Amino acid sequence: MLSMDPSQETNIIDQATSDQKYDHHHHRHSNSANPFAQMIQQPFQWLQMLSSELNPTFVLGVVIVYGLSQGFSGSYFRVVADFYWKDVQKVQPSVVQLYVGLYYIPWVMKPIWGILTDVFPVQGYRRRPYFVLAGLTGIISALMVALSDSLAAAVALTCLIGVMASVAIADVTIDACIARNSIEIRWLASDLQSLCGFCSSAGALVGYSTSGFFVHHLGAQGALGLLAIPPVFLTVLGFVIYEEGSTSLRSVKKKVVEEVGVAIRGMYRTIKCPQVWKPSLYMYLSLTLSISTHEGQFYWYTDPTAGPAFSQEFVGMIYAVSAMASIVGVLIYHKTLKDYPFRNLLFFAQLLYAISGMLDLTFILRWNLILGIPDYFFVIMEECVSRIVSRIRWMPMIVLSTRLCPLGIEGTFFALLMCIDSLGSLSSKWGGGVVLHALNVTRTDFTNLWLVILIRNMLRFSTLALIFLVPKADQFDVLIPSDLLTKNSAVSGVDDESLELVPMKEKIEV
């Protein structure tokens, strides 16, 4: 590694990336003879730009992990698993809410996966083996729950957690790559999150669109078997993604112990900084305070007496349309909001999030019928608004997380931040389950469901009081002290053994 003053190195990289950004921007706008053709070509030009700045197999990895694994599997799993617990296992909604909270265990363990991918190479590779591990875990878990008859609830829950573990391991592996790129090529940070958002939303659209169809024709348990397909692609990705193997086999055990110590000390040193722990606390509390009422609403959606009695196919279509709305949310963020300061953007996003929750209350109380709005139309409108606002709220929080990661332990620390988010989601699920149980919302009694949703909405409004924890900085600013950006990088020794993430032009200039 070249010895260079950190400020000089940053200036050189910033100048190179600024020149590249200007050249690409100038070329793109000089070709605007046909606006319609330009609109069609722009996404492909954008992908081409990302592939030229980064390794193409890395971009492929983002598409597979976020589009197929997280997007498709996550959305398909959400609908099919809900029908599985309701129709096959016949569990109460408050209990399902607690089970769903356990799905987050693999996500809470993301720092462990992060440490493994950062400092435990297998045959000299840090990323490839973990994509293979993720794939095999998903294949085995999905096939077990789909092909085994009369599974006990505990065994079925273990298999479903295994499916989520597959998604989580692949996610933390690709996130390490994304975090490193976001640090080294700051002007691409928002573009990378937009790519992740687009892939995730497109995959979710396919997953939601097909989930109801397969539940209707294969049954909930049989439909779970299709979740074995995305892990196959993760396994293949482990063999095709470009990664430079270790050039040295020196004292592997000693090196691993040293690097684990470096990673833990680096995480502790970083999380102590007010610039880091304050926004991390905000992200956790904003998720926790928005308690989840999903299972209660899902049971009500499909109830033929108290609810609108939506069919399996229509439930899938509701979420499919909301996934399209999620893409709109990504577009809105990417085109108009990525230059706003974090605090201003998150304040107004949280305010809209709280206001949009009132649409759920309107639907549960059936005020839409009083206004002459049919259930089918109103629920789609409500889901679209909710998903757009949720995506606009979520995107800057992910960008903020990437800005808080120090070099050298970026995979581990980003995993820690995502673990904090997962703990927030778990707390949200369990908090919602407790409230549903306390107010006696069951499989057939939805009398107090409106009160649960009202409590959730009031908690969303209360989150606005915590906005002071979010920095006022712009989304392209460096948020953590410069010494943290260099200390961990200097001692971890990961630069020569990690995935090829730095553009070749920049590497040559540096």
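In this predicted model, Phe 378 counts as buried at 3% relative accessibility, where buried means under 20% relative accessible area, exposed over 50% and partly exposed in between, with a 1.4 Å probe and protein chains only. Phe 363, with a relative accessible area of 1%, is buried as well. Phe 363 and Phe 378 form a tilted aromatic pair, with 5.7 Å from centre to centre and 35 degrees between the planes; rings of Phe, Tyr and Trp (its six-membered ring) pair if their centres lie within 6.5 Å, and planes under 30 degrees apart count as stacked, over 60 as edge-to-face and the rest as tilted. The pair links Phe 363 in helix H16 (residues 358-364) to Phe 378 in helix H18 (residues 375-403), 15 residues apart, helices (H or I, at least four residues) being DSSP runs numbered from the N terminus. Both rings belong to one aromatic cluster, together with Trp 300, Tyr 301, Phe 310, Phe 314 and Tyr 376.

Residues are numbered from 1 along each chain as its sequence is written. Because the model is predicted, local features need pLDDT of at least 70 and side-chain atom pairs count only at pLDDT 80 or more, while totals for chains, interfaces and linings use all residues, and side-chain values use heavy atoms, with hydrogens and water left out.

The structure holds 19 aromatic pairs. In one of these, the rings of Phe 83 and Phe 298 have their centres 5.0 Å apart and their planes at 80 degrees, so the pair is edge-to-face. Since Phe 83 lies in helix H3 (residues 56-88) and Phe 298 in helix H13 (residues 294-301), this pair ties together parts that are 215 residues apart in sequence. Phe 83 is buried, at a relative accessible area of 2%, and Phe 298 is buried at 0%.

Charged side chains also meet aromatic rings: the charged end of Arg 78 sits over the ring of Tyr 319, 4.6 Å from its centre, and that of Arg 393 over the ring of Tyr 353, 4.1 Å from its centre. For such a contact, NZ of Lys or CZ of Arg is within 6 Å of the ring centre and within 35 degrees of the ring normal.

Conventions
Helix = DSSP H or I, 4+ residues; strand = E, 2+ residues; numbered from the N terminus.
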